[in-house]
Amino acid sequence: MPLEIPDYPFQAYIFDCDGTLVDSMPLHYVAWVEALKQHDAPYEFTEEEFYAHAGMKEQDVVKLLNAKHGASVDPVSVDELKMEIFARRIPEVQAVSPVAEFARSLFGRFPIAVASGSEESTVRGCLTATGLIDLFPIIITPKKVKHGKPAPDMFLLAAEQMGIAPSECLVLEDGNSGIQAANAAGMQSVFIPRTMR
């Protein structure tokens, strides 16, 4: 499936990581299910819910699930265990070829950055496993901003660090919260469907 980029002279590009640059979402889901199971979560986290919350911080997702199901599963310990389980499987992660090739084609010609809802160690691990780490001197994660996606903070910080006006940046995203964040930042975006893997 080809990657279609809007016809506009963008000055910089911002990539989400999981599900956009790298096909890590199935492994993230496995880690989620296992972490919730080990914490005796009294609810099922469906694959549909998982994809609907793509791009959100893990702890925020647990809080949402708790509120929905009237539960009190500890968001911090689920987050930590989920990251631990996922970290062991990072070597299995593959690049999303059309997006990775596009990023490579931009390298050295335009400023490019990653803005991901995952922890920095996870992002760096996935980019290293897929040979993409050297393309991205700027990596923005939730710890660097006040609010994660769907707030615009991460994309605005990426634009600021690249020295480019938000309106001149294109965001590539696979999550609804990321598309909302791009809109809120005043940036155009391209949605990366699961079928592009």
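A: **Strand 2 and its sheet**

Strand 1 (residues 12-15) and strand 2 run parallel, joined by 3 bridges. Helices (H or I, at least four residues) and strands (E, at least two) are DSSP runs, numbered from the N terminus. Two strands pair if DSSP finds at least two bridges between them. The model is predicted: local features need pLDDT of at least 70, side-chain atom pairs count only at pLDDT 80 or more, and totals for chains, interfaces and linings use all residues. Residues are numbered from 1 along each chain as its sequence is written, and side-chain values use heavy atoms, leaving out hydrogens and water.

Strand 2 spans residues 112-115. Ile112 and Val114 point one way, Ala113 and Ala115 the other. All are buried (under 20% relative accessible area, 1.4 Å probe, protein chains only).

Strand 2 also pairs with strand 3 (residues 138-140), again parallel, over 3 bridges. Here Ala115 stands opposite Ile140. Between these two strands the chain passes through helix 6 (residues 120-129), and this β-α-β crossover is right-handed. That means a clockwise path from the first strand over the helix to the second, with the strands pointing away from the viewer.

Methods
Buried < 20%, exposed > 50% of the residue type's maximum accessible area, 1.4 Å probe, protein only.
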